[in-house]
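Here are my notes for a first look at this structure. Please read them with the model open beside you.

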Amino acid sequence: MTAKEYVVRQLEGYTQLRNDITTLEFELKSLAPFDELQTDDLIETLTFSHPTESPVQESRISDKTAAIALSYHTIGLEQTRDTRLRIASQLEVY
């Protein structure tokens, strides 16, 4: 492959490369932040909810609900972190 062929190939692929970079940057910016402040409020509400009318629990919110919410919160944080790292590493390649 001559230098001329190499340059032509690089220029032909530049548009696709630029589109890939733009897409990755958009995905990184628009990745739904798993904001701890927003989810902490929901978890606290689930943890400390009490029925107001009768001593018998009728609200269908069990004690397990908060534990499940905390578990999903932890998983969500890990997945968001992993996705951000994967996108960042792809951007470094370009």
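1. Start with Val7, which sits in helix 1 (residues 3–30). Helices (H or I, at least four residues) and strands (E, at least two) are DSSP runs, numbered from the N terminus. Val7 is partly exposed, at a relative accessible area of 43%. Buried means under 20%, exposed over 50%, partly exposed in between (1.4 Å probe, protein chains only).

2. This is a predicted model, in which local features need pLDDT of at least 70, side-chain atom pairs count only at pLDDT 80 or more, and totals for chains, interfaces and linings use all residues. Residues are numbered from 1 along each chain as its sequence is written, and side-chain values use heavy atoms, with hydrogens and water left out.

3. Now the whole chain. It has three helices and zero strands. The order from the N terminus is α-α-α.

4. How much of the chain is buried? Buried residues are 13% of the 94 residues. The chain exposes about 8,000 Å², and carbon and sulfur atoms supply 57% of that. Areas come from the Shrake-Rupley method with a 1.4 Å probe; for residues, only the protein chains shown count as cover.

5. Look at helix 3 (residues 64–93) next. Its 30 residues should span 44 Å at 1.5 Å a residue, and its end C-alpha atoms are 44 Å apart, which agrees. The expected span is 1.5 Å times one less than the number of residues. Buried residues in helix 3 include Ala66, Ala69, His73, Gly76, Thr80 and Ile87.

6. Last, contacts (heavy atoms within 4.5 Å). Among those in the chain between residues at least 6 apart in sequence, 77% join residues at least 24 apart.
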